[in-house]
Amino acid sequence: MIGAFLSNSLIGICGFTRMKRKKTNHIGEISQLYIKPEFSGKGIATGLMKSAIDEAFKIKGLEKIILAAVESNSAALKLYQKFNFVEYGRLENYFKVKGKYQTQVFLSFTKSVNEPH
Ligand SMILES: CC(C)(COP(=O)(O)OP(=O)(O)OC[C@H]1O[C@@H](n2cnc3c(N)ncnc32)[C@H](O)[C@@H]1OP(=O)(O)O)[C@@H](O)C(=O)NCCC(=O)NCCS
């Protein structure tokens with residue numbers, strides 16, 4: 001987990017987890033990206049994503065990063081596209097909140113394909 005701080009106060013977080021199984025441990029997942037609303041639009045998520053990706057690819061054998069966002073979260077999806085994440089699928093009715101369904105969009109970034117960072 002990476003944190004963004006302002007005067008010792010936590011204002012943003014970004015998690016990363018490497019897959020545990022031997023067959024899939026070349027893949028890791030970015031999750032729990034969250035910026036306190038009062039600090040949004042200031043490039044903090046961009047900074048956290050950059051750090052998370054840079055740190056992830058320092059891990060020996062790490063080749064691919066996956067993440068996901070709900071279809072209606074255009075801010076997050078724009079951010080991920082900015083980092084060259086590519087959609088590899090979407091699953092309708094992934095979330096069901098108070099009877100309302102939402103589609104989840106799945107994206108990936110492959111080091112050898114989208115290299116520069
Ligand atoms: C989505 C979120 C992480 C963006 O964080 P942020 O610090 O405001 O993002 P940044 O300032 O670094 O902006 C990065 C990019 O995100 C996109 N973006 C951010 N806010 C946006 C908005 N309100 N509308 C559209 N795009 C937006 C833009 O592409 C922006 O790049 P640009 O400024 O070059 O156009 C933040 O709003 C958040 O924590 N939201 C709630 C939790 C969440 O949705 N997490 C992601 C779960 S998948």
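A residue is taken to be near a molecule or strand if its C-beta atom, placed from the backbone, lies within 6 Å of it. Of the 18 residues around the ligand, S40, A45, T46, A75 and K78 come nearest. The structure is a predicted model, in which local features need pLDDT of at least 70 and side-chain atom pairs count only at pLDDT 80 or more, while totals for chains, interfaces and linings use all residues. Residues are numbered from 1 along each chain as its sequence is written.

The shell around the ligand draws at least two residues from each of β3, α1 and α2, and α2 provides the largest share, six residues. These element names follow DSSP runs numbered from the N terminus: helices are H or I runs of at least four residues, and strands are E runs of at least two. By class, nine residues of the shell are nonpolar, six polar and three charged; here Ala, Val, Leu, Ile, Met, Phe, Trp, Tyr, Cys and Pro count as nonpolar, Asp, Glu, Lys and Arg as charged, and the others, Gly among them, as polar.

The strands form an open sheet of six, in the order β1-β2-β3-β4-β6-β5, with mixed pairing; two strands pair if DSSP finds at least two bridges between them. Because β1 (2-6) and β5 (86-97) stand at the edges with a single partner strand each, one side of each is left without a neighbour in the sheet. Neighbouring strands are turned against each other by 25 degrees on average, direction ignored. Such angles run from 0 to 180 degrees between N-to-C directions of axes, which are lines fitted to C-alpha atoms, for helices over the stretch in contact.

Strand β6 (residues 100-110) is joined to β5 by eight bridges, and the two run antiparallel. Within this pair, F95 stands opposite Q102, and R90 stands opposite V105. On β4, I65 faces F109 of β6, in an antiparallel pairing of seven bridges.

The hairpin of β5 and β6 has two residues between the strands, and K98 in its turn has a positive phi of about 50 degrees. K98 is exposed because 4 other C-beta atoms lie within 10 Å. Residues are called buried with 20 or more other C-beta atoms within 10 Å of their own, exposed with 12 or fewer, and partly exposed in between, with C-beta atoms placed from the backbone. Most residues other than glycine have a negative phi. N93 also has a positive phi, near 60 degrees, and is found in strand β5. N93 is exposed, with 10 other C-beta atoms within 10 Å.

Two helices accompany the sheet. Helix α2 (residues 74-82) lies across β4 and β6, at about 160 degrees to β4. In the loop between α2 and β5 is N84, which counts as partly exposed because it has 15 C-beta neighbours inside 10 Å.

The interior may be described next. Nonpolar side chains tend to be buried together in soluble globular proteins. The largest nonpolar core has 18 residues, and those with the most contacts inside it are I30, L48, M49, A52, L67 and L107. Such a core is a set of buried Ala, Val, Leu, Ile, Met, Phe, Trp, Tyr and Cys residues joined through C-beta atoms within 7 Å. Two or more residues come from each of β2, β3, α1, β4 and β6, with α1 giving the most, five. Leaving aside residues up to four places away in sequence, M49 touches C14, L79 and F83; contact requires C-beta atoms, placed from the backbone, within 7 Å.
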